[in-house]
Amino acid sequence: MAEAHQAVGFQFTVHPDGVDLKLSQEVITNIYQAALTAWKKRAIQFKNGVLAGVYPASPSSWLIVVIVMMSGLYTGVDPSFGVMHAIEETIPLRGSLSVQTRAVLSSLVFASALWLFLIYLLRYTLKALLSYHGWIFESHGKMSASTKVWLSLVKMFSGRRPLLYSFQASLPRLPVPRVEDTIRTYLESVRPLLDDERYKQMEILANDFKESKAAQLQRYLILKSWWANNYVSDWWEEYIYLRSRGPIMVNSNFYIMDLLYITPTHRQAARAGNVVHTMLQYRRKLERGEHAPLRALGTVPMCSTQMERMFNTTRIPGIETDFVQHLSDRKHVVVYHKGRFFRVWLYTGGRHLLPSELETQFSRILNDTSEPQPGELKLAALTAGNRVPWAQARMKYFSQGVNRVSLDTVESAAFFLALDDEPQGYDAAKSNSLDSYAKSLLHGKCYDRWFDKSFTLISYPNGKMGINAEHSWADAPIVGHMWEYVLATDCFHLGYTEEGHCKGDVNKGLPHPSRLQWQIPKECQKAIEISYLSALKIADDVDFHGHLFSAFGKGLIKKCRTSPDAFIQLALQLAQFRSAHQDQREFCLTYESSMTRMFRDGRTETVRSCTSEAVAFVRSMEDRQATNMQRLALFRKAADKHQNMYRLAMTGSGIDRHLFCLYIVSKYLGVDSPFLKQVLSEPWKLSTSQTPQQQLNLVDINKFPKYVGAGGGFGPVADDGYGVSYIIVGENLITFHISCKFSSPDTDSCRFGQNIDKAMMDIQTLFQATNDKRTTAESVMELNNGKKHV
């Protein structure tokens, strides 16, 4: 057997004359190759670290500066204006050095100092340029002369061939908005949701806060923004995610689906082999910083900080708060199949296992007929339940012995792989196929995903894949970036044989995957069962509906000269209003996620999509006396408002993260603020997010329209509300992922999906009925010139 072969690779015999040592040539070769690979990796990391550290300059530019400075030694011209001479006079032991040596040393010191100064000058110049955001507020497809000049300057100061982290030091810090602006915008956002009396009360609370406590809290927040890279992100991670004591399954974790229409192979082990190998390639480039940074307009860089913790990362439970454990490169992955945990080594002889080798390993696991050990089957349910019981069980039962060794193996793994035994995926012949697929990715059986890992890769017996991701370490676009790379590489670069196997020779000499050993006492098994039942109750309450809207898509919406995102958000407002019972129809606080990654360590900001303009539009759609021209004018006004709010959120002028941080400061200082308490307690009954499409543009979807992803989703945020994620796929498809709770009599995911369909079609009908060719300004002008204001 392979294990035996490896075991006898190293032998020694003790006898009276000494020790007879025998080494296997194969083992020595593997050790040599592993060491060589490790040193090569360190060298590349060091080189790329230097390149990113001196960016936008280059190491070769130092030599140019040195040559220019030293040229003065031979031409008689001092380019330092006497500074090099002053340095020469201060060189220690200069009496023992020749005049020429002292001159060379002073030139090197001055040139190096000048080079560093120029690097910082370039960085701060680039940071100043990147602090300008006027370009984002310009009309789509139009660019002013000033923006063109600004873009040219950014390109000029950005250098050539940046690495993943090259721009980090040049990214501006997230600005702290003025309290007056935040409060004014907040009151504007809640006005359509409150009656006159409740709004007056909120106005009084807001003004009292502004005049009494706001200035003190704001000073501390500004102070933090001076010394922290980002005044929001660390508190956001800690208080929104890590201090939450409730289950993270459904409530926090999110999922991402596979390709919608294509399954490259129906062999489970083969698909997993290709995907895992591609993830290892991605991780290698990530560790070396070799991925190209994402850039808006192909020029404006985005922060890459969140990508650092993608692999070898686990959320560790605690009594009061969790923490995120990120380790350096680990060479194994943990696989779960039918209640058993296996460790699979990902390297051999200093290289990644090939796809065919990984397929062999996963096939061995799938063919393994051994039974789970006592308590092993539902062990991962501990990560699905409440955090405190999990933290207590971890300290009591997993802090020593084989349990600690096995748990360390899970938590230090590159990621967690679940080999499921029930097929999933989109099937046009089954109306609920996406619903079942989504629920499987979101919570599974409540014990077959390790919800604490940065992500769990899920493999189905029909070849479909998917991801369940923990949310504290990063946001969905980060995982989506990796997943897009994986799917494109899997389908277009690695491929499969005609029989559906991974390409390459089969290496049967690899050591078999090893079972993790557990000794789980009865008391721990009871704790596992309690967590499982708690998680099962949550999972069974999730009402999920996956919905493909194919009547039209981004292409037709853009012809209407409006933002696709604004179009969909207004359709969601209309659908939400119609989804309520006739006697309970009202508008609700709506959350739309926007990114702030144009700033250092930026994560997200909230766009409050339920605006007064959106409410006016929705009411006009339900008013039979309103004309289509009036409705369209109100739509354009609401869409413009939404776009402006989205842009403000992206450029650091959002309000919710500011209010959140003011509240955290008030808790630290022991300052009581009824206003901030009220703001932070308001429920988001409609929580929405758009999944980014084609961040890397690795696949031409015009040429390969079937190779598109289905996006991803998340669970409902409020007990009586909806969670809606959507992805605009190509030009003619929009996929919606809708979640709510069965326990709420007021919500129904399928009904909401039907109302989204109707709302999208009704809005499109406005454009068709009016044959609208005018600008927003012209439409609104007509509305204000005597037309009935609905």
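**Helix 24.** I looked up Asp-762 and Lys-758 in this predicted model; both sit in helix 24 (residues 749-770), and because they are 4 residues apart, about one helical turn separates them. The two form a salt bridge, with the closest N and O atoms 3.0 Å apart. Lys-758 has a relative accessible area of 45%, so I noted it as partly exposed.

**Other salt bridges.** I searched the whole structure and got 38 salt bridges. Arg-603 pairs with Glu-237, the closest N and O atoms being 4.0 Å apart. Buried or exposed? I checked Arg-603 and Glu-237. Arg-603, at 7% relative accessibility, counts as buried, and Glu-237, at 16%, counts as buried too.

I then took Asp-719 and Lys-741, whose side chains meet in a salt bridge at 2.6 Å, N to O. Asp-719 is in the loop between strand 20 and strand 21 (722-729) and Lys-741 is in strand 22 (residues 733-741), so the pair ties together parts 22 residues apart in sequence. Asp-719 is exposed at 52% relative accessible area, whereas Lys-741 is buried at 19%.

I also recorded a network of salt bridges that links Arg-245, Arg-315, Asp-322, Arg-387, Asp-452 and Glu-470.

**Helix 9.** I compared length with expectation: the 14 residues of helix 9 (residues 214-227) should span 20 Å at 1.5 Å a residue, and the end C-alpha atoms are 21 Å apart, which agrees. I listed its buried residues as Ala-214, Leu-217, Gln-218, Leu-221, Lys-224 and Ser-225. Seen down the axis of helix 9, these fall within an arc of 120 degrees, so they line one face. They pack against helix 7 (179-190), helix 8 (196-212), helix 10 (233-242), helix 22 (656-669) and helix 23 (674-681). On the face turned away from the buried side I found the exposed residues Arg-219, Trp-226 and Trp-227.

I traced an open sheet of 8 strands with mixed pairing, in the order 15-9-8-12-13-14-3-20. Strand 8 (residues 332-337) and strand 9 (residues 340-345) run antiparallel and are joined by 6 bridges; Val-333 stands opposite Val-344 in strand 9.

Two helices lie across sheet strands. I noted helix 11 (residues 268-287) across strands 12, 13 and 14, at about 150 degrees to strand 13. Helix 16 (residues 476-494) lies across strands 3, 13 and 14, at about 25 degrees to strand 3.

How values were computed: Residues numbered from 1 in each chain as written. Predicted model: local features only at pLDDT ≥ 70, side-chain atom pairs only at ≥ 80, totals over all residues. Heavy atoms only, no water. Pairing = 2+ DSSP bridges. Contact = heavy atoms within 4.5 Å. Axes fitted to C-alpha atoms, helices over the stretch in contact; angles between N-to-C directions. Expected span 1.5 Å × (residues − 1). Buried < 20%, exposed > 50% of the residue type's maximum accessible area, 1.4 Å probe, protein only. Arc of directions from axis to C-beta.
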